[in-house]
Amino acid sequence: RTALFSALLARHAGGHFVLRVEDTDAARSEVVHAQALLEDLAWLGLHWDEGPFYQSRRQDIYAIHFGRLQRAGQLYPCFCTPEALTQSRQQQVAAGQPPRYDGRCARLSPQEASRRLDQGEPAALRFRVPTAATVAFEDLIRGPQRFETASIGDFVIRRTDGTPAFFFSNAVDDAEMGITHVLRGEDHLSNTPRQILLLEALQLAIPRYGHLPLITGADGAPLSKRNGSQSLAQLRAAGYLPLALVNYLARLGHHLDAPGLLSIDALAAGFDLAAIGRAPARFDPVQLGHYQKLAVAALDSDAFLAFVGE
């Protein structure tokens, strides 16, 4: 649905729908998953105007911006192990404090940090978050947002293996690719002030962000395999038509005045960010079935015979 809303927004505004594959985390990124993503989008009719761009192939670009921040003194090496970070978070939660990095490596002297690096000790790179500052922005869906930097804490922008963290690569790519609007799930809302801080430090353009309410199952919990979620491949195998899916998803948490089965161009013409609700959207298989019936009825005779396997 997020990809669909992004594509509809781009078409409505006369912009470009950009496809980026975020595959810098080698442990979680596989070629087969990226290929399945491209096939799913193409099957739905969401044809991208630019891309696909693979973040794993843009390491030289990230290195330039790492260097800029290092020379400005806005980064420092962090030698904390995952176990130490977990223990610190647990202690903060037990004390009723928000879990954030306690800044222990920020207090290392330059000589001590250099000595440990020279000895080959693994280190991530953390961004120094300004103290006693406020990050404010106007969310395209949720309205005014304010975050105090005191609650954020210094965050990792380069992992110990040298690959960029999500905050960093996405922020840099948005600026480098001229991205003006970003739509994503509300679970990413806390990432946004971090990315704004990075872009401000790099003196790069900041896109406008819109955070979509999550989709829930019939039980009100976030949609997952446990409460009936199916992948696009599974829905496709079950016989659902792409036009049925896009018509249902375009109305899932988004009000459209026009009834009935619409083309993607017609859906784009009626798309409006102001018509997106702020409450979670509940997935309803009955409504999906309704649009499936409309999509089947709209097939011509040859397409219908192919659909029923004749």
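Student: Let's start with β9. Is that strand mostly covered or mostly open?
Tutor: Mostly covered. This is a predicted model, and in it four of the five residues of strand β9 (residues 208-212) are buried.

Student: Which way do β8 and β9 run, and how many bridges join them?
Tutor: They run parallel. Five bridges join strand β8 (residues 181-185) to β9. Arg-208 in β9, for instance, is the bridge partner of His-181.

Student: What does the chain cross through from β8 to β9?
Tutor: Helix α7 (residues 191-202). The β-α-β crossover is right-handed.

Student: OK, α7. At what angle does α3 pack with it?
Tutor: About 75 degrees. The axes of α7 and helix α3 (residues 59-71) are 10 Å apart. That angle makes α3 roughly perpendicular to α7.

Student: Which residues meet there?
Tutor: From α3, His-65, Arg-68 and Leu-69. From α7, Leu-198, Ala-201 and Leu-202. By class, the contact of α3 with α7 has four nonpolar residues, one polar and one charged.

Student: Switching topic. How many residues of α9 are buried?
Tutor: Seven of nine. Helix α9 (residues 242-250) is mostly covered. The buried residues run through Ala-244, Leu-245, Val-246, Asn-247, Tyr-248, Leu-249 and Ala-250.

Student: What do the buried residues of α9 pack against?
Tutor: Several helices and a strand. The helices are α1 (2-13), α2 (31-44), α8 (232-237), α10 (264-269) and α11 (285-297), and the strand is β11 (281-282).

Student: Now the open sheet with three strands. What's the order?
Tutor: β3-β4-β7, with antiparallel pairing. β3 (75-78) and β7 (155-158) are the edge strands, each pairing on one side only. On average, neighbouring strands of this sheet are turned by 50 degrees against each other, direction ignored.

Student: How many bridges join β4 to β7?
Tutor: Three, for strand β4 (residues 124-127) and β7.

Student: Zoom out. How many helices and strands in the chain?
Tutor: There are 12 helices and 11 strands. The chain has 310 residues, and 42% of them count as buried.

Student: And what does the C-alpha trace span?
Tutor: About 75 × 40 × 40 Å along its principal axes.

Student: Last one. What share of the contacts comes from residues 24 or more positions apart?
Tutor: 72%, taken over contacts in the chain with a separation of 6 or more.

Terms used: Residues numbered from 1 in each chain as written. Predicted model: local features only at pLDDT ≥ 70, side-chain atom pairs only at ≥ 80, totals over all residues. Heavy atoms only, no water. Buried < 20%, exposed > 50% of the residue type's maximum accessible area, 1.4 Å probe, protein only. Helix = DSSP H or I, 4+ residues; strand = E, 2+ residues; numbered from the N terminus. Pairing = 2+ DSSP bridges. Right-handed = clockwise from strand over helix to strand, strands pointing away. Axes fitted to C-alpha atoms, helices over the stretch in contact; angles between N-to-C directions. Parallel < 35°, antiparallel > 145°, perpendicular 65-115°, else oblique. Contact = heavy atoms within 4.5 Å. Nonpolar A, V, L, I, M, F, W, Y, C, P; charged D, E, K, R; others polar.
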